[in-house]
Amino acid sequence: MADANAKRHDYHLVDPSPWPFIGSLSAFVMAVGFITFVRGMEIAGLKLGPYLLGAGVLGVLYTMLSWWTDVVREATYEGHHTRVVQLHHRYGMIMFIASEVMFFVAWFWAYFEAALYPNDPIQFTRTELTGGLWPPKGIETFDPWHLPLFGTLVLLTSGTTVTWAHHALIENDRQGVKWGLWLTIALGALFTVCQVYEYSHAAFKFSGHIYGATFYMATGFHGAHVVIGTIFLAVCLYRVYLGHFTPKHHLGFEFAAWYWHFVDVVWLFLFAAIYIYSAPTGATH
């Protein structure tokens, strides 16, 4: 009877989990809280937006922590991540990154649709907003060859350090993995500090014109991805100290490296399109 119930395949049939339901409910509460908070709406005469938003964010974070803890346990201690399961996880990560690429394509589309046609006769109100010029009249953009260039070099360097860590892990050089990850995390944090400093010294705001809206949405979402990627790598570093990864089984680290390289590539396009293309007169000479 025991042999009849033995596992005879390489697939992982997951146990029932509460996290999809809890995560969905938390995301719904977070969305409702965000809308009511931004709109200043009241529920039963009370401004519950901030509380609903906070409860939703905490619920989502708790779901992420608990769900991924289960995945780590299944992969590391229970041996469910066979070669077939790992292959399918890779397919899933590739599709996730592809969806993220299309997310940024939307912001590039919005940016170039306005930048290439600032005097579009069909969108006649655009001429009033931009003055028929790009960048729009009255907008003082950043010089790409100062702080933006420094941030670009920082992020590109972090791509080399995470690659170093990955190859060190394949060679079972545990110390090299730790050094590579520490440097990558530090460089990611430095890039975030540079972006916060840049935002604090920007001569334009989010509202009132298409340039500010597209600039902050594109670079802001990229900055959020940098923060998420830095946390992703920090978790991997913690797992390295716990001895979770081996040269042949380190799917979590591999996905973190993929994600970080995706962040690097997106920034190169942002730097070229939003900073260099919209550089102030004379900055590109």
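1. A word on the ground rules. This is a predicted model, in which local features need pLDDT of at least 70 and side-chain atom pairs count only at pLDDT 80 or more, while totals for chains, interfaces and linings use all residues. Residues are numbered from 1 along each chain as its sequence is written, and side-chain values use heavy atoms, with hydrogens and water left out.

2. The second largest pocket. A pocket here is an open set of points on a 1 Å grid over the protein atoms alone, with protein on both sides within 12 Å along at least five of seven lines, and its lining residues have an atom within 4 Å of a point. Volume is the space filled by probe spheres set on the points, with grid points joined across faces, edges and corners. Around this pocket you will find Ala-27, Met-30, Phe-34, Val-57, Val-60, Leu-61 and Met-64. Helix 1 (19–39) and helix 2 are the elements that give two or more residues to the lining, and helix 2 supplies the largest share, four residues. Helices are DSSP runs (H or I, at least four residues) numbered from the N terminus. By class, the lining has seven nonpolar, no polar and no charged residues; Ala, Val, Leu, Ile, Met, Phe, Trp, Tyr, Cys and Pro count as nonpolar, Asp, Glu, Lys and Arg as charged, and the others, Gly among them, as polar.

3. The largest pocket. About 1800 Å³ of space lies here, lined by 49 residues, of which Met-64, Trp-67, Trp-68, Val-71 and Phe-232 lie nearest the centre. Two or more lining residues come from each of helix 2 (49–76), helix 3 (83–115), helix 7 (210–242) and helix 8, and helix 2 gives the most, with 14 residues. The lining divides into 28 nonpolar, 15 polar and six charged residues. At least three residues are drawn from each of domain 1 (16–80) and domain 2 (82–275), with bounds from an automatic or database domain assignment.

4. The cavity. A cavity is a set of points where a 1.4 Å probe fits but cannot get out. Helix 6 gives the most, with four residues, and the class count is six nonpolar, two polar and one charged.

5. An aromatic pair at Tyr-275. The structure holds 31 aromatic pairs, meaning rings of Phe, Tyr and Trp (its six-membered ring) with centres within 6.5 Å; planes under 30 degrees apart count as stacked, over 60 as edge-to-face and the rest as tilted. Phe-142 and Tyr-275 form a tilted pair, because their ring centres are 6.4 Å apart and their planes lie at 45°. The two residues are 133 residues apart, with Phe-142 in the loop between helix 4 (124–130) and helix 5, and Tyr-275 in helix 8. Phe-142 is buried at 16% relative accessible area, and Tyr-275 is buried at 1% (buried is under 20%, exposed over 50%, partly exposed in between, with a 1.4 Å probe and protein chains only).

6. Record and model. An unreviewed UniProt entry lists "transmembrane region" for several stretches, including 147–167 and 258–277; such annotations may be inferred rather than shown by experiment. In the model, residues 147–167 are 100% helix and 0% strand, with end C-alpha atoms 31 Å apart. Residues 258–277 are 95% helix and 0% strand, with end C-alpha atoms 28 Å apart.
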